[in-house]
Amino acid sequence: MYLVTFRLDPGEYDSEFHELNDVIQTAAEDTDGYLGKRTWNAPESDEVLVVYYWESLDALESFGADPDHKQAKQRWSEWYDAYEVTVTEVLETYGSGFGDDADPRR
């Protein structure tokens, strides 16, 4: 499994952002190998972390080739003050579990 952590400092969102964001989320969900996402908001700042779960690197790369996703990446400065993407390969997970709130399993 691969995790893509999208850390962002939001700027100003307009209607075009929301429309494109919805299209991109649908594209991710329609990509074979997409396992889900979790979002966290930092209480002391506007920073947001979104972690996307992918079954394989091929699945992630397939989503990365989506034309709407490419367009959004080119336009990031219109909507974010800053962002950072980290791609991580999960080698192992363990713990007591979180029931229905558990992260997607491999």
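1. Helix H1 passes helix H3 in a left-handed crossing, that is, with the near helix turned anticlockwise from the far one by less than a right angle. The model is predicted, with local features needing pLDDT of at least 70 and side-chain atom pairs pLDDT 80 or more, while totals for linings use all residues. Residues are numbered from 1 along each chain, and side-chain values rest on heavy atoms, without hydrogens or water.

2. Leu20, Val23 and Ile24 of H1 meet Asp68, His69, Gln71 and Ala72 of H3, contact meaning heavy atoms within 4.5 Å. By class, this contact has four nonpolar, two polar and one charged residues.

3. The largest pocket has a volume of about 730 Å³ and is lined by 29 residues, of which Phe6, Ile24, Tyr52, His69 and Tyr80 lie nearest its centre (1 Å grid, 1.4 Å probe, an open set with protein on both sides within 12 Å along at least five of seven lines, and lining atoms within 4 Å of a point).

4. H1 gives the most to this lining, with six residues; the lining divides into 21 nonpolar, five polar and three charged residues.

Technical notes
Helix = DSSP H or I, 4+ residues; strand = E, 2+ residues; numbered from the N terminus. Nonpolar A, V, L, I, M, F, W, Y, C, P; charged D, E, K, R; others polar. Points joined across faces, edges and corners; volume = space filled by probe spheres on them.
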